[in-house]
Each structure stands twice: as C-alpha cells, then as structure tokens.
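Reader: I have a model open and I'm new to it. Can you walk me through how its parts pack?
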Amino acid sequence: MKSMNRKAAICLLISLTFMLSGCSKIREIVDSYEAPTEPIKTTNENQYTVVRTEDEIYDMILETMKSNKTTCYFNVSDEAMIKPDDWVKGFDGIEEIQVEYTIAQSGFNVFVTLSYWDNYPIVAAFESNDTTILSATQLELFDKYCDILGACTSNSYSDYENELAIHDYLVSNIEYGGGDEEAYSAYDALIKGRAVCSGYAESFKTLLDMLGIESRAVTGSVNGEAHSWNMVKLDGEWYHVDVTWDDPIDGDGTISHKYFNVTDADMALDHIWEAGKYPEATGTQYAYYVMSGMAQIHSQEELDAYILEKVNNQAEKLEFVLYCDADVNQALQKPGVGMNVSYNILKKTEFSVYDITISYN
C-alpha cells in the first residue's frame with residue numbers, strides 16, 4: 001500500500017477492488033488513492049467488532065459469506081493488518097472485495113463489502129439443514145445439488161468413487177461456453193446447462209464440500225488464457241482435476257479422464273498457476289490410470305502381446321499406460337487383421353496414456 005502523510009485533520013478512505021474474470025482469474029488490483037483533506041470522522045466504535053489477529057479477520061469474512069451476507073465491519077489496532085489482497089487469495093470464489101477504513105479513536109474501523117460464489121451459503125445450509133438464509137435462485141441451485149448427490153453418489157462409496165461420479169456427471173451434463181450471455185457461475189452450469197470453466201470449478205467444489213471431501217479451486221492460465229480448475233485431497237495427498245478440459249468441445253458424449261487426479265508435474269505440462277498459493281500435488285495412488293486398472297506396459301514385447309490379445313477378442317476400446325518408446329503402430333499391424341484405428345495420446349512426464357478405438361472390417 002502506498003505510504004501517505006499523516007495529519008491530524010485527514011480522514012483516510014482507501015478502496016481496493018479485486019475483480020475476477022469469467023474463469024476466476026484476478027485481473028487487477030486498484031491502487032489506493034490519496035485521501036481528501038477534511039476533518040477526521042469519528043464513528044461509534046461499538047458498531048465494529050474488535051479483532052486482534054489476522055485469523056480472526058479470516059474467520060469473520062468466512063462467517064459473513066456462510067451467512068449469505070455481503071458486508072462485515074471490524075476494528076483493528078494496526079493498519080498493517082488490513083490486507084485485502086491476502087484476503088482474496090485466502091478464499092476460493094471471492095469475485096469482488098471492496099475495503100474502506102477510517103481512523104478511529106483506537107486504531108482503524110474497517111468496512112468490507114463482498115461478492116462471492118453461492119458455494120458458501122449453500123454448503124452452510126446443507127450442513128445445518130436450514131435453507132432459510134438462501135435466496136430463491138440459491139434454493140433452486142441447492143435443490144439441484146441435492147438431486148445430483150442423490151443420483152450419482154452414495155455413503156457406501158469411497159471418496160474417490162464419489163469424486164469420479166461427480167466428475168462424470170458434470171462432464172455429461174454441462175455444455176462448455178458462454179453463448180451470448182456471461183455464463184460464469186454454478187447456476188449457469190447446472191440450471192442453464194452451459195458455462196465456462198469457473199462454472200465447472202464452482203459446481204465441482206460445492207458438491208465435494210457437501211460430501212466433506214476437501215478441495216480447492218485453482219486460478220491460473222492455459223495457452224495464455226485465464227482458466228480455473230480444482231484440487232482434491234484424498235488420504236492426505238492432493239491431486240489436480242480439470243473438469244472443463246475433460247469435457248470434449250465437440251459434444252460427442254465422450255467422458256475423458258485425462259485431467260482427473262494428476263500431479264503438479266503433469267498438470268504443469270500445459271497449465272500455469274502460482275504454485276505457492278496452493279498445496280503440493282504429488283499423489284499417484286488415486287490417479288485415474290491407476291484406479292481404473294489400465295494396463296501398465298514397459299516394453300515392445302508387452303505391448304505386442306497386449307494388443308494381440310485385445311484384437312483376437314475383437315476389443316473395440318483399448319486404454320493403456322506406456323512407459324517406454326515402443327512402436328504402437330507396429331504392434332497394431334502385427335495381428336494381421338483388417339481394422340480402422342483412431343487413438344488419442346496424452347503425454348505425461350514419465351509415461352503416455354493411450355486411448356484407442358478400433359472398428360473391424
């Protein structure tokens with residue numbers, strides 16, 4: 001924050017606004033402006049909750065959002081505790097924050113105005129079994145979340161199985177894009193059926209939060225464009241999940257899992273984010289290619305034998321993980337069977353994932 005000369009007859013008013021783009025990327029931080037020279041305004045300090053630590057500030061902001069309110073105000077003794085840029089980074093889904101503060105008889109009176117995802121009041125309503133705080137549109141979205149959980153998740157499933165079921169539901173039921181209108185929110189994604197990445201990310205996180213599965217929303221970029229995705233914690237380890245990029249643009253009904261539970265190293269092949277703001281993702285136990293039982297192939301001989309067996313059984317779909325430089329085209333030609341082949345390859349840091357479709361002549 002800019003330093004400013006202090007005089008007895010100065011009232012400080014600082015307004016900082018943080019705006020997120022359609023993919024939840026912070027676009028700019030507006031610098032504070034010089035305060036006008038006028039008499040100090042005294043306020044009734046009893047209206048402001050006294051907070052003594054930064055954790056208490058975060059707790060107050062969180063409670064404000066969970067209560068479906070847009071404003072909170074508090075008193076701090078030290079101006080250095082007023083850190084709106086840190087507050088934005090400390091929460092997923094804050095779309096805008098405006099902060100005003102004035103000198104008071106004891107410290108500074110701080111007034112905060114927020115706009116944020118519906119995630120906070122909806123999860124709070126779900127946990128308390130009390131929807132009275134929700135607006136009509138939030139209640140509509142709440143009911144949709146409950147329908148989804150009832151349709152595709154179960155208390156008997158593992159966290160991984162529930163996470164996968166939610167991922168597959170969203171990929172199957174949301175169409176990517178904004179159309180002629182802005183479509184950034186979970187309401188756009190789940191009620192209107194169409195949204196950009198922030199709608200996918202908010203929907204995914206809210207459903208996981210309702211199940212008690214720890215997750216984060218990540219803001220970063222892909223190919224120079226702002227982008228949002230998620231991180232999920234399973235058995236103490238973090239993984240990246242990009243529901244948007246697992247949803248094919250051509251709408252052919254395919255559910256991809258290329259970006260389901262991947263590591264930092266593999267995500268960084270085409271995604272960029274400020275790693276220091278998020279947990280380290282190094283887990284592989286719950287990677288899709290492990291949990292789905294894909295064949296793990298380490299030599300040309302293994303690949304030849306695997307494809308020969310699948311072709312002899314007239315398999316139309318092959319998925320495997322290749323850890324070497326084996327020749328896939330050569331292996332496909334060895335059975336000597338007439339067929340048309342198409343395949344996708346997802347290259348990772350230590351292996352490649354193959355998804356092969358075969359039609360026989």
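Reader: How do strand 15 and strand 17 pair, parallel or antiparallel?
Author: Strand 15 and strand 17 (residues 352–360) are antiparallel, with 6 bridges between them. Strands count as paired if DSSP finds at least two bridges between them. This is a predicted model: local features need pLDDT of at least 70, side-chain atom pairs count only at pLDDT 80 or more, and totals for chains, interfaces and linings use all residues. Residues are numbered from 1 along each chain as its sequence is written, and side-chain values use heavy atoms, with hydrogens and water left out.

Reader: And what counts as a strand or a helix?
Author: Both are DSSP runs numbered from the N terminus: helices are H or I with at least four residues, strands are E with at least two.

Reader: Which residue in strand 17 is the bridge partner of leucine 318?
Author: Isoleucine 356 is the partner of leucine 318.

Reader: What order do the strands of that sheet come in?
Author: The order is 14-15-17-16, in an open sheet of 4 strands with mixed pairing. Strand 14 and strand 16 (339–347) are the edge strands, and each pairs on one side only. On average, neighbouring strands here are turned by 25° against each other, direction ignored.

Reader: Where does the parallel part come in?
Author: Strand 14 (residues 295–297) and strand 15 (residues 317–322) pair in the parallel sense, over 3 bridges. Isoleucine 297 has leucine 322 of strand 15 as its bridge partner.

Reader: What joins strand 16 to strand 17?
Author: A hairpin does, through 4 residues. Strand 16 and strand 17 are antiparallel over 9 bridges. Among the facing residues, leucine 346 stands opposite valine 353 in strand 17, and methionine 339 stands opposite tyrosine 360 in strand 17.

Reader: Where does helix 10 lie?
Author: Helix 10 lies across strand 14, strand 15, strand 16 and strand 17, at about 170° to strand 15. Angles run from 0 to 180 degrees between N-to-C directions, and axes are lines fitted to C-alpha atoms, for helices over the stretch in contact. Helix 10 (residues 300–312) also makes a right-handed β-α-β unit with strand 14 and strand 15. Right-handed here means that, with the strands pointing away from the viewer, the path from the first strand over the helix to the second runs clockwise.

Reader: Different topic. How many strands are in the sheet with the order 12-11-10-9-13?
Author: That open sheet has 5 strands, with antiparallel pairing. Strand 12 (260–262) and strand 13 (272–273) are at the edges with a single partner strand each, so one side of each has no neighbour in the sheet. Strand 11 (residues 237–241) and strand 12 run antiparallel and are joined by 2 bridges. Histidine 240 stands opposite valine 262 in strand 12.

Reader: Which strands does helix 5 touch?
Author: Helix 5 packs on the sheet and touches strand 10 (225–234), strand 11 and strand 12, its direction making about 120° with that of strand 12. Helix 7 packs on the sheet too, touching strand 9 (215–222), strand 10 and strand 11, at about 15° to the direction of strand 10.

Reader: At what angle do helix 5 and helix 7 cross?
Author: The axes of helix 5 (residues 159–173) and helix 7 (residues 197–211) cross at roughly 150° and come within 10 Å. That makes helix 5 roughly antiparallel to helix 7. The cut-offs are under 35 degrees for roughly parallel, over 145 for roughly antiparallel, 65 to 115 for roughly perpendicular, and oblique for the rest.

Reader: Which residues meet there?
Author: From helix 5, Asn162, Glu163, Ile166, His167 and Leu170 meet Tyr200, Ser203, Phe204, Leu207, Leu208 and Leu211 in helix 7. Contact means heavy atoms within 4.5 Å. By class, the contact of helix 5 with helix 7 has 7 nonpolar, 3 polar and 1 charged residues. Ala, Val, Leu, Ile, Met, Phe, Trp, Tyr, Cys and Pro count as nonpolar, Asp, Glu, Lys and Arg as charged, and the others, Gly among them, as polar.

Reader: And how far apart are the axes of helix 1 and helix 3?
Author: They are 7 Å apart, and helix 1 (residues 54–66) and helix 3 (residues 119–128) pack at an angle of about 75°. Helix 1 and helix 3 are therefore roughly perpendicular. Leu62, Met65 and Lys66 in helix 1 meet Tyr120, Pro121 and Ala124 in helix 3.
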